[in-house]
Amino acid sequence: MLHAKIIIGIGVLIGLLLINKTKPDFLKAILIGLSICYGLGYFAEFPIGTVAFMLFGILALVFAIWCGKNNKWMGFIIGAFTFLSYVWMFLSYPYANELKLMMLIPIICYAWTLIKYRNYTKEISVLTILVSYEISEFLIIIGTWIK
């Protein structure tokens with residue numbers, strides 16, 4: 001679990017370094033909200049940790065909806081997978097491990113957005129944070145299989 005926080009922390013740092021390229025203030029608010037949620041995630045007590053957990057998922061959904069409205073389909077896929085992962089973990093749905101294995105899809109989408117970087121300069125900071133979460137989830141399931 002420690003490696004997951006380190007990976008997400010690196011993603012948050014990279015996202016915050018790219019805050020100048022994030023143009024709409026709406027995306028900057030999502031970026032700052034995701035960063036605050038990551039910071040509050042270190043508090044494992046009931047109200048703070050749970051609120052940060054739920055807010056991260058809600059911000060991922062808001063980002064996915066924004067990308068869908070603006071025809072940024074790769075960003076929509078990445079945000080939707082993050083939101084679905086949170087819903088599956090929060091509600092303890094079955095097949096959560098299969099969803100974690102499918103995190104390879106948004107990781108590939110992120111690689112595609114890096115290739116087409118000029119089309120995604122506005123939202124690359126938020127995408128970096130979401131993909132760092134998805135990479136950590138993918139590595140957790142791979143680590144479970146290896147043991």
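Reader: Leaving aside its neighbours within four places in sequence, which residues is T128 in contact with?

Author: In this predicted model, T128 is in contact with G11, I14, L18 and Y110, once neighbours within four places in sequence are left aside. T128 itself is found in helix α7.

Reader: Why is T128 called buried?

Author: The relative accessible area of T128 is 8%. Buried means under 20%, so T128, at 8%, is classed as buried. The C-alpha atoms of T128 and L16 are separated by 9.7 Å, although these residues are 112 apart along the chain.

Reader: What makes α1 and α7 roughly antiparallel?

Author: The axes of helix α1 (residues 2-17) and α7 cross at roughly 165° and come within 8 Å. Angles over 145 degrees count as roughly antiparallel, and α1 is therefore roughly antiparallel to α7. The crossing of the two helices is right-handed.

Reader: Which residues of α1 and α7 meet?

Author: From α1, the residues are H3, A4, I7, I8, G11, V12, I14 and G15. They meet S125, T128, I129, S132, Y133, I135, S136, L139 and I140 in α7. By class, this contact has 10 nonpolar, 7 polar and no charged residues.

Reader: How do you know that S132 is buried, and which residues is S132 in contact with beyond its neighbours within four places in sequence?

Author: S132 lies in helix α7. Its relative accessible area is 5%, and the cut-off for buried is under 20%, so S132 is buried. Beyond its neighbours within four places in sequence, S132 is in contact with I7, I8 and G11.

Reader: Why are α2 and α3 called roughly antiparallel?

Author: Helix α2 (residues 25-40) and helix α3 (residues 46-69) have axes that cross at roughly 155°. Since angles over 145 degrees count as roughly antiparallel, α2 and α3 are therefore placed in that class. Their axes come within 9 Å, and α2 passes α3 in a left-handed crossing.

Reader: Which residues make the contact of α2 and α3?

Author: On the α2 side, the contact is made by F26, L27, I30, G33, L34, C37 and L40. On the α3 side, I48, G49, A52, L55, F56, L59, V62, F63 and W66 take part. By class, the contact has 14 nonpolar, 2 polar and no charged residues.

Reader: How many salt bridges does a search of the whole structure find?

Author: The search finds 2 salt bridges. In one of them, the side chains of K100 and E137 meet. In another, the side chains of E123 and K72 meet.

Reader: What makes the pair K100 and E137 a salt bridge?

Author: The N to O distance between these side chains is 3.5 Å. A salt bridge requires a side-chain nitrogen of Lys or Arg within 4 Å of a carboxyl oxygen of Asp or Glu, so K100 and E137, at 3.5 Å, are counted as one. The pair links distant parts of the chain, with K100 in helix α5 (residues 96-101) and E137 in helix α7, 37 residues apart.

Reader: Are K100 and E137 buried or exposed?

Author: K100 has 14% relative accessibility, and E137 has a relative accessible area of 6%. Buried means under 20%, so K100 counts as buried, and so does E137. Not counting residues up to four places away in sequence, E137 touches S85, M89, K100 and M103.

Reader: What is phi of S92 and of Y95?

Author: Phi of S92 is near 55°, and phi of Y95 is about 65°. Both values are positive, and neither residue is a glycine. Most residues other than glycine have a negative phi.

Reader: Why are S92 and Y95 called exposed?

Author: S92 lies in the loop between α4 and α5, and Y95 is also found there. Exposed means over 50%; S92, with a relative accessible area of 61%, is therefore exposed, and Y95, at 61% relative accessibility, counts as exposed too.

Notes: Residues are numbered from 1 along each chain as its sequence is written. This is a predicted model: local features need pLDDT of at least 70, side-chain atom pairs count only at pLDDT 80 or more; totals for chains, interfaces and linings use all residues. Side-chain values use heavy atoms; hydrogens and water are left out. Axes are lines fitted to C-alpha atoms, for helices over the stretch in contact, and angles run from 0 to 180 degrees between N-to-C directions. Helices (H or I, at least four residues) and strands (E, at least two) are DSSP runs, numbered from the N terminus. Angles under 35 degrees count as roughly parallel, over 145 as roughly antiparallel, 65 to 115 as roughly perpendicular and the rest as oblique. A crossing is left-handed if the near helix is turned anticlockwise from the far one by less than a right angle, and right-handed if clockwise. Contact means heavy atoms within 4.5 Å. Ala, Val, Leu, Ile, Met, Phe, Trp, Tyr, Cys and Pro count as nonpolar, Asp, Glu, Lys and Arg as charged, and the others, Gly among them, as polar. Buried means under 20% relative accessible area, exposed over 50%, partly exposed in between (1.4 Å probe, protein chains only).
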